[in-house]
Amino acid sequence: MSAPVGIIGGTALAELTDLEDARDLDAHTPYGPPSGPLRRGRLAGREVVFLFRHGPGHRLPPHAINYRANIRALADAGVRTVVAAAAVGGISDAAEPGRLVIPDQIIDYTWGRAHSFSADGETPLQHVDFTDPYDGPACDELRQAAAGAGLNVLGKGVHGVTQGPRLETAAEIRRMQRDGCDIVGMTGMPEAGLAREAGLAYACCAVVVNRAAGRGDSAIHAEIERYLEQGMTALGGLLTAAVPR
Ligand code: HPA
């Protein structure tokens, strides 16, 4: 049997309602427990393992998520490919609210998060090659599936990851724009780096739920409320259309 695909849900994907034969897996890791139960089941004919990164009741803010435990638990469950969902703000004009983005690059602005397995005193130090932080074939499958399902998708983009939990200032977003960021979120790192250290193929499917600070005319939270549900539906549609192998 082929390996199950890991799906990490975020604010835009708190649960997978279409999971068939779903059951919870017990997960313990040397880093402590993952955010919540890992749910294994079948989605569109593929075995998947779902984990909601903010945990039951959405109680874990981005900086307090145990990213090492989450990635380790998914790897221990036999996962080899991870698709990570994320709700993000749009910085570039093309990253408009309601649109899906499959980013191809990352800039990491987070700090103080446990960002490497190498720091655990046991795992040998590795300087992983992170030139291309997302897995090419997994991203391509998502792009094709999105296009095939007629979804409004931007096939590449630079994902800037901030510390949160507060949103950014307008000046911070202007700086990120100068840096080349297209979208901004708070959970993309160290998740992607840890997945690379663990040898997992990792792709992100972001949904733009607002214009980033200083980029739009309406209040950010009103915009998020307006676009979150639409984004969830699009994300659900994409994952049901195709889960990468
Ligand atoms: N900034 C950071 N993270 C986010 C945003 C944002 O504007 N929107 C959704 N997640």
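Two residues are in contact here if their C-beta atoms, placed from the backbone, lie within 7 Å. With that in hand, the buried residues of helix α2 pack against β5, β6, β8, β11 and α5. Keep in mind that this is a predicted model.

**Around the ligand**

- The residues around the ligand are Ala87, Val88, Gly89, Thr162, Leu167, Glu168, Val184, Gly185, Met186, Val209, Asn210 and Ala212.
- Sorted by class, that shell holds seven nonpolar residues, four polar ones and one charged one.
- Three strands, β5 (81–90), β10 (183–185) and β11 (201–211), each put in at least two residues of the shell.
- Which strand gives the most to the shell around the ligand? That would be β5, with three residues.

**Helix α2**

- α2 covers residues 136–148, so to speak a run of 13 residues, and reaches 18 Å from its first C-alpha to its last, close to the 18 Å expected at 1.5 Å a residue.
- Its buried residues are Ala138, Cys139, Leu142, Arg143, Ala145 and Ala146.
- Looking down the axis of α2, those buried residues fall within an arc of 165 degrees, so they line one face of the helix.
- Turned away from that buried side is a face with the exposed residues Gly136, Pro137, Ala147 and Gly148.
- The partners of the buried side are β5, β6 (100–101), β8 (153–154), β11 and α5 (220–241).
- After α2 comes glycine 150, with a positive phi near 70 degrees.

**The nonpolar core**

- In soluble globular proteins, nonpolar side chains tend to be buried together.
- In this model, the largest nonpolar core has 73 residues.
- Which residues have the most contacts inside the core? They are Val83, Leu142, Ala203, Cys205, Ala206 and Leu235.
- Strand β11 makes the largest contribution to this core, nine residues.
- Cysteine 205 is in contact with Val83, Ala85, Leu100, Ile102, Leu142, Leu235 and Leu238, leaving aside its neighbours within four places in sequence.

**Two buried residues to look at**

- Valine 101 sits in strand β6 and counts as buried because it has 28 C-beta neighbours inside 10 Å, where 20 or more are needed.
- Not counting residues up to four places away in sequence, valine 101 touches Ala95, Leu154, Gly157, Asp182, Ile183, Ala206 and Val208.
- Valine 101 and alanine 192 are 91 residues apart along the chain, and their C-alpha atoms are separated by 16 Å.
- Leucine 13 belongs to the loop between β1 (5–9) and β2 (20–25).
- Is leucine 13 buried or exposed? Leucine 13 is buried, because 25 other C-beta atoms lie within 10 Å.
- Leucine 13 touches Ala85, Met232 and Leu235, again not counting residues up to four places away in sequence.
- The C-alpha atoms of leucine 13 and alanine 87 are separated by 8.6 Å, though these residues are 74 apart along the chain.

- Most residues other than glycine have a negative phi, and most peptide bonds are trans.
- A cis peptide bond joins glycine 164 and proline 165, with omega about 0 degrees; proline 165 is in the loop between β9 (158–161) and α3 (170–179).
- Methionine 189 and proline 190 are also joined by a cis peptide bond, omega being about 10 degrees; proline 190 lies in the loop between β10 and α4 (191–197).
- Alanine 44 is not a glycine, yet has a positive phi of about 50 degrees.
- Alanine 44 is found in the loop between β3 (38–43) and β4 (46–52), and with 13 C-beta neighbours inside 10 Å it counts as partly exposed.
- Histidine 58 has a positive phi too, near 55 degrees, and lies in the loop between β4 and α1 (67–76).
- Histidine 58 counts as exposed because it has 12 C-beta neighbours inside 10 Å, and 12 or fewer is the cut-off.

**One more loop residue**

- Alanine 64 is in the loop between β4 and α1, and is partly exposed, with 13 other C-beta atoms within 10 Å.
- The C-alpha atoms of alanine 64 and alanine 119, 55 residues apart along the chain, are separated by 17 Å.

Notes:
Residues numbered from 1 in each chain as written. Predicted model: local features only at pLDDT ≥ 70, side-chain atom pairs only at ≥ 80, totals over all residues. Near = placed C-beta within 6 Å. Helix = DSSP H or I, 4+ residues; strand = E, 2+ residues; numbered from the N terminus. Nonpolar A, V, L, I, M, F, W, Y, C, P; charged D, E, K, R; others polar. Expected span 1.5 Å × (residues − 1). Arc of directions from axis to C-beta. Core = buried A, V, L, I, M, F, W, Y, C linked by C-beta atoms within 7 Å.
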